Amino acid sequence: MSSLKASAIAHSNIAFIKYWGRDKNHPKELNIPLNDNVSMTKEGIGRIKLQTHTTIEFSDVFSKDTAILEGREITGRGMERILSVVDSLRNLAGIKYFFRLESRNDFPTSAGLASSAAGFAALALATSNALKPDLTLDEISTYARLGSGSASRSLHGGFVYWHKGDSHETSVAEQICSKGCLDIRAVIAVISTEEKKIKSDQGHEYADTSIYNQPRIDESIKDAKIIKDAIIRNDFSAAGKIIEKSCNLMHAVMMTSESPLFYWEPGTIKVIKAVHEARDNGFECYYTIDAGPNVHVLSKPRDMEKVKEMLENIPEVQKTICVKPSKDSHVVDEHLF
Ligand code: PMV
């Protein structure tokens, strides 16, 4: 018997400058974004780290590809996305063995936090380690991107810049700086744990039907560069303003596309209003929201507890989760099978 096996851990990320919509000049499967974008890879503070642990083994004894997430076999579109990552790396390495994959999150999948970014980043890292261990994290980011665009940003910890690029090889996510460079925390206000009807995988296809799509792209191109400098300078205020603007621009596009996508719930608006009110009262915090109703409220580290308290006073907030910038995704010795 001959086999190749590796395990990896990766974290999810929250977008500061959003990726919304694929560039239709390229094959859809490549997930080439419309604009450069920026994020923070995030780690839970406390017992739950909000991480995905994945083990993959390639062996000549397997007679088919199998993927298990939280004890359940993945089929359909989920398996298609896994294969887009694994097949590219299998081809690159010239290896023909079938695989067995197991993946676990250290948080409940029904928590409204389920993250394809952490999953595909851990998958790409474990697979490359098993088949082609000489790849850099930047190179591996291009393979994670094939599973889900935002996963490309989760290979690196800290603050990450995903270059739009104009090919598979050049659409790369690179680290701006590691976890310590911008003093920032986020409190996630969980408004709903229900699965959304239109996942981002599908939502990206609607972006160019909105009249606000091009203005959002133009702003994002400028803002990605501005926020990169703000992060390096540790300028929380400059970063926060741009983060909020990018969130609002993306949701404006979502709400005005055919068909319109409204991810916000009444609780989402309550959190937005609470953040505005806090700022009016001289307490600095900013919000951002991805393709769902839950809100990340960003603050300086010393203000995190106060933000948590503020959010927990809103009845629609089911619970809060505190996060900080995380370290890089990494290979681990502990295998899941
Ligand atoms: O990577 P995807 O296809 O799940 O898209 C992510 C889209 C947003 O989370 C809404 C924005 C982003 O940049 O992460």
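Helix 2 (residues 116-131) lies across four strands: strand 1, strand 4, strand 7 and strand 14. Helix 2 runs at about 150° to strand 1. The model described here is a predicted one.

The strands under discussion belong to an open sheet of six strands, whose order is 6-5-7-4-1-14 and whose pairing is mixed. In general, the strands of a sheet pair through backbone hydrogen bonds, and the pairing is either parallel or antiparallel. The edges of this sheet are strand 6 (72-73) and strand 14 (330-332), each of which pairs on one side only. Strand 14 runs antiparallel to strand 1 (residues 3-11), and three bridges join the two. Ile-9 has His-330 in strand 14 as its bridge partner.

Helix 1 (residues 76-93) also lies across part of the sheet, namely strand 4 (51-59), strand 5 (66-69) and strand 7 (98-105). Its direction is at about 125° to strand 7.

How do helix 1 and helix 2 pack, and at what angle? Their axes are 10 Å apart, at an angle of about 20°. Because angles under 35 degrees count as roughly parallel, helix 1 is roughly parallel to helix 2. The crossing of helix 1 past helix 2 is right-handed. On the helix 1 side, the contact is made by Arg-81, Ile-82, Val-85, Val-86, Leu-89, Arg-90 and Ala-93. On the helix 2 side, Ser-116, Phe-120, Leu-123, Ala-124, Thr-127, Ser-128 and Leu-131 meet them. By class, this contact has nine nonpolar, three polar and two charged residues.

Residues of helix 5 in the contact include Asn-213, Arg-216, Glu-219 and Asp-223. Among those they meet in helix 6 are Ile-242, Ile-243, Lys-245 and Leu-249. The contact of helix 5 with helix 6 has 10 nonpolar, one polar and four charged residues.

| Helix pair | Angle between axes | Axis distance |
|---|---|---|
| Helix 1 and helix 2 | about 20° | 10 Å apart |

Notes
Residues are numbered from 1 along each chain as its sequence is written. This is a predicted model: local features need pLDDT of at least 70, side-chain atom pairs count only at pLDDT 80 or more; totals for chains, interfaces and linings use all residues. Side-chain values use heavy atoms; hydrogens and water are left out. Axes are lines fitted to C-alpha atoms, for helices over the stretch in contact, and angles run from 0 to 180 degrees between N-to-C directions. Angles under 35 degrees count as roughly parallel, over 145 as roughly antiparallel, 65 to 115 as roughly perpendicular and the rest as oblique. A crossing is left-handed if the near helix is turned anticlockwise from the far one by less than a right angle, and right-handed if clockwise. Contact means heavy atoms within 4.5 Å. Ala, Val, Leu, Ile, Met, Phe, Trp, Tyr, Cys and Pro count as nonpolar, Asp, Glu, Lys and Arg as charged, and the others, Gly among them, as polar. Two strands pair if DSSP finds at least two bridges between them.
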